[in-house]
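Q: Please take a close look at the charged side chains of this structure. How are they placed, and what are their partners?

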Amino acid sequence: MGIVKNGCIIGVKPGMLERYIKLHDEQPEEIRNLLKEHGFLKCEIFVKEIAGKTYLFQYNEVDESKDNAALYENAAYQEWLRVTGECQEPLEGETFWQNLPQAYTLFKDE
């Protein structure tokens, strides 16, 4: 176990990007604290329009020595996923964020 870095992608429903961004701008402190308590060290979400569709790309660094699975059992976090999920459109054949395989890493000291 250690620090795991991962990326994932999901679509945004038409007309919902502003709401999605506002939800994160106003993210409850309880959600931020839950993420930190359950091992999230870094979470960044990027937006890109491709061929007329809007996508979110998320990058996470997570400490797997924490109980990450318990986060998804928390009622407040489940509600957060429901509310933000109203803005999201999973990729075809998916039901949630789709993991992205890592293709390259560069470290400053290498």
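**Charged side chains**

A: Helix 4 holds both Glu-79 and Arg-82, which are three residues apart, about one turn of the helix. Helices (H or I, at least four residues) and strands (E, at least two) are DSSP runs, numbered from the N terminus. The model is predicted, so local features need pLDDT of at least 70 and side-chain atom pairs pLDDT 80 or more, whereas totals for chains, interfaces and linings use all residues. Residues are numbered from 1 along each chain as its sequence is written, and side-chain values use heavy atoms, without hydrogens and water.

Between Glu-79 and Arg-82 there is a salt bridge, with the closest N and O atoms 2.6 Å apart; the term requires a side-chain nitrogen of Lys or Arg within 4 Å of a carboxyl oxygen of Asp or Glu. Glu-79 is partly exposed, at 36% relative accessibility, and Arg-82 is also partly exposed, with a relative accessible area of 43%. Here buried means under 20% relative accessible area, exposed over 50%, and partly exposed in between (1.4 Å probe, protein chains only). Glu-86 joins Glu-79 and Arg-82 in a network of salt bridges.

The structure holds five salt bridges. One of them links Glu-26 to Lys-22, where the closest N and O atoms are 3.9 Å apart. Glu-26 is exposed, its relative accessible area being 54%, while Lys-22 counts as partly exposed at 47%. Another salt bridge brings together the side chains of Glu-44 and Lys-42, at 3.9 Å from N to O. Both ends of this pair are partly exposed: Glu-44 has 31% relative accessibility, and Lys-42 has a relative accessible area of 35%.

Glu-61 presents another case. This residue belongs to strand 3, which spans residues 53-63. Glu-61 is buried and has no salt bridge; Lys-5, the nearest side chain of opposite charge, is 4.4 Å away. In this count Lys and Arg are positive and Asp and Glu negative, with His and the chain ends left out.

Beyond its neighbours within four places in sequence, Glu-61 is in contact (heavy atoms within 4.5 Å) with Ile-3, Val-4, Lys-5, Gly-39, Phe-40, Leu-41 and Lys-42.
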